[in-house]
Amino acid sequence: AIEGIEPGVERFAALLDSVLGEDEESEQTWRVWINVHGEAVRLPELRRTIEERLSQWFELIDQALEGLVPPERDGEMPWPVCVDSVLTGFVIMAMTSEAQLGRRQIRDEVVRIVLADAEARQPAPPWAGGPRASTITR
C-alpha cells in the first residue's frame, strides 16, 4: 500500500486508505477484527494471535510515519499504538452508531491528530531551556 511512495503525509494517507476501503471485503474484515477483539476479552489464547497480527501492522505504521513524527521518548505511548487506537475507535464508531463518519473523514482526522501530536511531542529547542513555547502558560 505504501511501497514506492516517498515519506510524508501522502504515504501515511495511502496506508490509511488501504485499510479504510468501502468495499464489502473491507467492511467484512473490520467486522471480523472488531469481533476478534471482543472475543479476546475472555479468550487469552486469542490475544496472542492479535499480538502477532498487530506487530506486522505496527511495522507498517512505523514505515508510513517515517519523516512525520519524532521518535518516542521514554514513557510515551508508541506511535503505532496511538494510530491503531484512534483509527480503530473511529471505525468502530462509524460501524456501530448513527455517527455519519465516512472513510475519507476518518482518514483525514487520523492524519490531523497524528500531525498535531507530533508537533506537541517535538523536543524544546536547546536555547529555550524549558517546555515548548506552545505549552507555556500565560
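Me: Which helix is Met93 found in?
Reply: First, this is a predicted model, where local features need pLDDT of at least 70, side-chain atom pairs count only at pLDDT 80 or more, and totals for chains, interfaces and linings use all residues. Residues are numbered from 1 along each chain as its sequence is written, and side-chain values use heavy atoms, leaving out hydrogens and water. Helices are DSSP runs (H or I, at least four residues), as are strands (E, at least two), numbered from the N terminus. On that basis, Met93 is found in helix α4.

Me: Is Met93 buried, exposed or partly exposed?
Reply: Relative accessible area decides this: buried is under 20%, exposed is over 50%, and partly exposed is in between (1.4 Å probe, protein chains only). Met93 comes out at 43%, so Met93 counts as partly exposed.

Me: And what does Met93 touch, not counting residues up to four places away in sequence?
Reply: Touching, or contact, means heavy atoms within 4.5 Å. Arg107 is 14 residues from Met93 in sequence and 14 Å away in space, C-alpha to C-alpha. With residues up to four places away left out, Met93 touches Ala99 and Leu101.

Me: What is the relative accessible area of Gly89?
Reply: Helix α4 is also the place of Gly89. Its C-alpha is separated by 9.9 Å from that of Ile34, 55 residues apart along the chain. Gly89 counts as partly exposed because its relative accessible area is 38%.

Me: Stepping back, what pattern does the chain follow along the sequence?
Reply: The chain has five helices and zero strands. Read along the sequence, that gives α-α-α-α-α.

Me: What percentage of the residues count as buried?
Reply: The C-alpha atoms fill a box of roughly 50 × 35 × 30 Å along the principal axes. Among contacts with a separation of 6 or more, 57% come from residues 24 or more positions apart. Of the 138 residues, the share that counts as buried is 30%.

Me: Which helices do the buried residues of α1 pack against?
Reply: In α1, the buried residues are Arg11, Phe12, Ala13, Ala14, Leu15 and Leu16. They pack against α3, α4 and α5 (103–121).

Me: Which residues is Val110 in contact with, leaving aside neighbours within four places in sequence?
Reply: Val110 lies in helix α5, and counts as buried because its relative accessible area is 1%. Leaving aside neighbours within four places, the contacts of Val110 are Phe12, Leu16, Val83, Val86, Leu87 and Phe90.

Me: Is Glu27 buried or exposed?
Reply: Glu27 is found in helix α2. Leaving aside neighbours within four places in sequence, its contacts are Gly21, Glu22, Met95 and Arg103. Its relative accessibility is 17%, so Glu27 counts as buried.

Me: Which residues are closest to the centre of the largest pocket?
Reply: On a 1 Å grid over the protein atoms alone, a pocket is an open set of points where a 1.4 Å probe fits, with protein on both sides within 12 Å along at least five of seven lines, and lining residues have an atom within 4 Å of a point. The largest pocket has a volume of about 480 Å³, meaning the space filled by probe spheres set on the points, which are joined across faces, edges and corners. Of its 16 lining residues, the closest to the centre are Val19, Thr29, Trp30, Trp33 and Trp57.

Me: Which elements give two or more residues to that lining?
Reply: Several helices contribute to the lining of the largest pocket. Those giving two or more residues are α1 (9–19), α2 (24–40), α3 (44–64) and α4 (79–96).

Me: Which residue lies over the face of Trp79?
Reply: A charge sits over a ring if NZ of Lys or CZ of Arg is within 6 Å of the ring centre and within 35 degrees of the ring normal. At 3.9 Å from the ring centre of Trp79, the residue over its face is Arg121.
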